[in-house]
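Please keep the sequence and the model in view while reading.

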Amino acid sequence: MSNATPIPVGHYVTVRGNLKLHLHELGSVRDDRPSLMFLHGSGVGASGYSNFKLNIDYFARQGWHVLVPDYLGYGLSDKPRDLAYTSTLHVEVLNDLLIQKEVRSVIPVGNSLGGAIAFEFALTHPDKVDRLVVMGPGGVEDPALWAADMPGLKALGGMVAQRLTDRDSMRKVLHLIVADPATITEEAIDERLPVWIEQPPEVFSTMRVGVYADRLHELKMPVLCFWGAKDQFLPVRHALVVAQRVPNARVVISTDAGHWFMLEQPGYFNREIDDFLSHA
């Protein structure tokens, strides 16, 4: 991979036989604490770095081992057209990554699709998940119950359906992700647009995500859930579902955030997780 990429180049591992999975890794695996695994969303051009660039260094400085993968189909990872890009695929690949890295205990930190993947990973591999952090997670309820009412999700769907690859279209969708459009810089567009141009349509047409509302009670580990009150992609009322159904949940709702809590209020986000990791 050339250095002329939209995001910094980390390194690669091979998964599912011959596919390259890109990730950033900070620190080293430790015996005395779990690793943090940051899981990005499904927006066009998404990557681990673009979702969590304002967070990962903070936790590395606190001594955590940090993994920031790009799912297959995203970031700098391989994007084959002959895959079904389901949440189950991503869970299987992430588990393969942890095995290769010899990580026995992990704390997934997932936004949007990453939140749904975090739920599914914790339900599939509960013995590996020490705690769980999600922000505006998908997978809480069947989209048929709410998706039609979310303007951001409709705009994203239109961009994907029409295969719009210009900066203005990307900017309009990103503005809907945050509470304050000033949060979106030209750098954010630079990071995502080239990735989006490379993404095959199958990444979105074959996307399937589980629905976990009826299984949230199975999550016995402590869970921290963030939600922006101005989220236009996933309804903030789902935060109450998490609070009611997860046995050991802490829920944080901010009136100043949309769907990208971790980028809109990074200092607050980082400190809340730090406290959760110290006291949960």
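Is Ser 77 buried or exposed? Ser 77 is buried, because its relative accessible area is 3%, where buried means under 20% relative accessible area, exposed means over 50%, and partly exposed lies in between (1.4 Å probe, protein chains only).

## Basis of the report

The model is a predicted one, in which local features need pLDDT of at least 70 and side-chain atom pairs count only at pLDDT 80 or more, while totals for chains, interfaces and linings use all residues. Residues are numbered from 1 along each chain as its sequence is written, and side-chain values use heavy atoms, with hydrogens and water left out.

## Surroundings of Ser 77

Ser 77 lies in the loop between strand 4 (66–69) and helix 3 (87–101); here helices (H or I, at least four residues) and strands (E, at least two) are DSSP runs, numbered from the N terminus. The side chain of Ser 77 reaches two backbone atoms, namely the nitrogen of His 22 at 2.7 Å and the oxygen of Asp 70, also at 2.7 Å. Once its neighbours within four places in sequence are set aside, Ser 77 is in contact with Lys 20, Leu 21, His 22, Asp 70, Tyr 71 and Leu 72, contact meaning heavy atoms within 4.5 Å.

## The fold as a whole

The protein has 11 helices and eight strands. Its radius of gyration is 17 Å, close to the 19 Å that the globule rule gives for 280 residues, so the protein is as compact as a globular protein of that length; the radius is taken over C-alpha atoms, and the rule is 2.2 Å times the number of residues to the power 0.38. Taken along the principal axes, the C-alpha atoms fill a box of roughly 45 × 40 × 35 Å.

Buried residues make up 56% of the 280 residues, and among contacts with a separation of 6 or more, 76% are between residues 24 or more positions apart. The protein exposes about 11400 Å², of which carbon and sulfur atoms supply 50%, the accessible areas coming from the Shrake-Rupley method with a 1.4 Å probe.

Tyr 58 is found in helix 2 (residues 56–61) and is buried, because its relative accessible area is 19%. Not counting residues up to four places away in sequence, Tyr 58 touches Asn 270, Arg 271 and Asp 274. Asp 274 is 216 residues from Tyr 58 along the chain, yet their C-alpha atoms are separated by 9.5 Å. The side chains of Tyr 58 and Asp 274 make a polar contact at 2.8 Å, a polar contact being a pair of N or O atoms within 3.5 Å, of which, within protein, one must be able to donate a hydrogen and the other to accept it, and residues adjacent in sequence count only if both atoms are side-chain atoms.

## Salt bridges

Side chains of opposite charge can pair when their charged atoms come close. With a salt bridge defined as a side-chain nitrogen of Lys or Arg within 4 Å of a carboxyl oxygen of Asp or Glu, the count comes to 16 salt bridges. One of them joins the side chains of Glu 202 and Arg 81 (3.0 Å, N to O). This pair links distant parts of the chain, with Glu 202 in helix 8 (residues 202–205) and Arg 81 in the loop between strand 4 and helix 3, 121 residues apart. Glu 202 counts as buried at 18% relative accessibility, whereas Arg 81 is exposed, with a relative accessible area of 54%.

Arg 215 and Glu 218 also meet in a salt bridge (2.9 Å, N to O), and both are partly exposed, Arg 215 at 35% relative accessible area and Glu 218 at 34%. Salt bridges that share partners join Arg 167, Asp 168, Arg 171, Glu 186 and Asp 190 into one network.

## Residues with positive phi

Most residues other than glycine have a negative phi. Arg 16, although not a glycine, has a positive phi of about 50°; Arg 16 is found in the loop between strand 1 (11–15) and strand 2 (19–26) and is partly exposed, with a relative accessible area of 44%. Phi of Glu 102 is likewise positive, near 60°; Glu 102 is found in the loop between helix 3 and strand 5 (106–111) and counts as exposed at 57% relative accessibility.
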